[in-house]
Amino acid sequence: MKTKPCMIAHRGYSSKFHPNTEEAFLGAIAHGSGGIETYVHFTADGVLVVNHNREVRYADGTELLIAEHTCTELTEKPLANDHTDTKQYLCTFRRYLEICREGNMIAFIEFKGHFPDDRIRAAFEMAKEVYDLSMCSLQSFNFDNLVRAHAMYPALGIMYTCGKHDENVDRCLQLGFDIDMDYDGIEDETIRQFHERGLKVGLWTANSVEAMEYCLSKNVDYIESDVYSGAEIADDGLHVKQ
């Protein structure tokens with residue numbers, strides 16, 4: 001039996017709005033997504049902000065490394081915005097969580113690289129304060145981040161991100177972690193094993209009709225996309241509107 005997956009807006013509704021901005025996150029809600037994925041970074045003064053890369057690119061052509069500047073410095077100027085004619089500024093993690101709460105969205109939070117314990121605590125203590133850990137899921141290619149976060153916050157969703165099957169996929173099955181895999185790398189047997197254990201499977205990133213139809217055929221729980229939302233999938237889960 002085919003089920004309709006929860007569509008996750010990858011970096012917000014990022015095909016229409018500048019990724020990882022308030023406009024993109026609000027756009028994901030209006031577009032009918034069920035969750036929003038973003039990346040967390042720390043400024044020099046310890047503020048959590050969201051951005052894909054370590055550096056921020058501005059409309060005036062300059063770039064600043066997030067870790068080397070304060071939040072005030074990083075939010076003084078509008079970002080380079082190739083999507084709309086609006087002025088968009090670096091978004092804080094707190095504002096991202098507020099938007100997820102307002103839209104009743106699942107907050108998919110990705111950590112790039114190693115995050116020490118104090119930074120894991122800073123992120124998810126804020127998530128507890130602003131939103132609800134049961135509506136949050138930590139994603140990371142770094143398996144150690146996931147293990148330590150799970151020990152600190154057992155109620156937090158944990159999702160290992162990878163391209164293809166590796167030894168950590170098997171560890172997820174043992175530890176009860178969900179999986180988030182490149183749709184080109186997923187195998188039917190992997191999906192079966194995770195679902196048999198009551199674990200969830202996500203696929204990234206489906207931005208064409210062909211990719212969406214392929215992901216839908218796998219009967220997974222989550223599909224990440226820059227383009228499509230749940231509102232664009234028919235009730236039988238098989239047809240994507242172009």
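The tour goes from a strand to a loop, then a pocket and a helix.

Before you click, note that this is a predicted model, where local features need pLDDT of at least 70, side-chain atom pairs count only at pLDDT 80 or more, and totals for chains, interfaces and linings use all residues. Residues are numbered from 1 along each chain as its sequence is written, and side-chain values use heavy atoms, with hydrogens and water left out.

**Stop 1: strand S1.** Select residues 6–10, which form S1. Helices (H or I, at least four residues) and strands (E, at least two) are DSSP runs, numbered from the N terminus. Of the 5 residues in S1, 4 are buried; buried means under 20% relative accessible area, exposed over 50%, and partly exposed in between, with a 1.4 Å probe and protein chains only. Strands pair here if DSSP finds at least two bridges between them. Click isoleucine 8 to see both links: its bridge partner in S12 is glutamate 224, and in S2 it is glycine 35.

**Stop 2: serine 33.** Move to the loop between helix H1 (22–31) and S2, where serine 33 sits. Is serine 33 buried or exposed? It counts as buried, because its relative accessibility is 10%. Show its contacts (heavy atoms within 4.5 Å): leaving aside neighbours within four places in sequence, they are Met7, Ala9, Ala28, Met105 and Ser229.

**Stop 3: the largest pocket.** Select His41, Phe42, Arg54, Ala67 and Arg119, which lie nearest the pocket's centre among its 16 lining residues. The space inside is about 320 Å³. S2 gives the largest share of the lining, 3 residues. On a 1 Å grid over the protein atoms alone, a pocket is an open set of points where a 1.4 Å probe fits, with protein on both sides within 12 Å along at least five of seven lines; lining residues have an atom within 4 Å of a point.

**Stop 4: helix H6.** Finish at residues 167–175, where Asn168, Val169, Cys172 and Leu173 are buried. They share one side of H6 because they cover an arc of only 160° around the axis, taken from the directions from the helix axis to the C-beta atoms. What do the buried residues of H6 pack against? Helix H5 (143–152), strand S9 (157–162), strand S10 (178–182) and helix H7 (188–196).

Methods: Grid points are joined across faces, edges and corners, and a volume is the space filled by probe spheres set on the points.
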